[in-house]
Amino acid sequence: MDLFDTISEDIKKAMLARDKVRLEALRGIKKEFLEARAAKGANGELSAETAVRIMVKMVKQRKESARIYADNNRPELEAAELAEAAVIEEYLPRQLSAAELEAEIRAIVAETGASSPREMGKVMGVATKRLAGRAEGRAVSEMVKTVLNNL
C-alpha cells in the first residue's frame, strides 16, 4: 500500500474515532497529494519523493504559523497548528539526530571534494536531495557551514 492509500485509510479511522485534529491534518495531506497528482506533468502519479517533499513543506508551514500565533499571544491556535504538524510528521521518515546529520554531511563533503565554505552550494545541492524529509533544511544548512568552516 502506498502513502496515498495509507492516508486515505487513516482518514476513515480518524472519522470513526472522531479525532478532529488528526482528521483535519490527514485531509490536508490528501488534498495536497491530489493536487500534486493533478499537476501538469504528473501523469496522475505521485512519487514517494514528491509525497515526502509535500509533507515536509506542510510541517514547515504549520510550525511557522504556530510561531506567529505564539508571537501574537494566541496559544490555542498555536497548539492546534503544532498538533497538526505532529500528525503529519508521523508519516515522514525518522528525523536524523545531530550526530547522524553531521556524519552524513561529512560524507557528502568528502564525496563532493569541497574544501572551503565557498563550496557550500555544491554540498547543499547534494545534501538537500539526499536528506530530504530526514532533516530540516535549516539544520542541514547550519551543519554544512559548521563542517566546512572546520576543515
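**Helix packing and ring contacts in a predicted model**

Apart from residues up to four places away in sequence, E104 touches L96, R130, L131 and R134; contact means heavy atoms within 4.5 Å. This is a predicted model, in which local features need pLDDT of at least 70 and side-chain atom pairs count only at pLDDT 80 or more, while totals for chains, interfaces and linings use all residues. Residues are numbered from 1 along each chain as its sequence is written, and side-chain values use heavy atoms, with hydrogens and water left out.

E104 lies in helix α5 (residues 98–112). Helices are DSSP runs (H or I, at least four residues), numbered from the N terminus. The relative accessible area of E104 is 24%, so the residue is partly exposed. Buried means under 20% relative accessible area, exposed means over 50%, and partly exposed lies in between (1.4 Å probe, protein chains only). The C-alpha atom of E104 is separated by 9.9 Å from that of M143, 39 residues apart along the chain. T112 is also found in helix α5. T112 counts as buried, at 18% relative accessibility. With neighbours within four places in sequence set aside, T112 is in contact with K122, V123 and V126.

Helix α7 (residues 137–149) has 13 residues, which should span 18 Å at 1.5 Å a residue; its end C-alpha atoms are 18 Å apart, which agrees. The expected span is 1.5 Å times one less than the number of residues. Buried in α7 are V140, S141, M143, V144, V147 and L148. These residues cover an arc of only 165° around the axis, so they sit on the same side of α7. The arc is that of the directions from the helix axis to the C-beta atoms. The cover over the buried residues of α7 includes α5 and α6 (120–130). Exposed residues R138 and N149 are carried on the face of α7 turned away from its buried side.

Helix α4 (residues 75–89) was examined likewise. Its 15 residues should span 21 Å at 1.5 Å a residue, and the end C-alpha atoms are 21 Å apart, which agrees. E81, E84, A85, V87 and I88 are the buried residues of α4. Seen down the axis, the buried residues of α4 fall within an arc of 160°, so they line one face of the helix. Among the elements that cover them are α2 and α3 (48–71).

A search of the whole structure finds 1 aromatic pair. F4 and F33 form this pair, with 6.5 Å centre to centre and 35° between the planes, and the pair is tilted. Rings of Phe, Tyr and Trp (its six-membered ring) pair if their centres lie within 6.5 Å; planes under 30 degrees apart count as stacked, over 60 as edge-to-face and the rest as tilted. The pair links distant parts of the chain, 29 residues apart: F4 is in helix α1 (residues 3–17) and F33 in helix α2 (residues 20–38). Both F4 and F33 are buried. R37 lies over the face of F4, at 3.9 Å from the ring centre. A charge sits over a ring if NZ of Lys or CZ of Arg is within 6 Å of the ring centre and within 35 degrees of the ring normal.

At 74% relative accessibility, R18 is exposed. N73 is exposed, at a relative accessible area of 62%.

Terms used:
Helix = DSSP H or I, 4+ residues; strand = E, 2+ residues; numbered from the N terminus.
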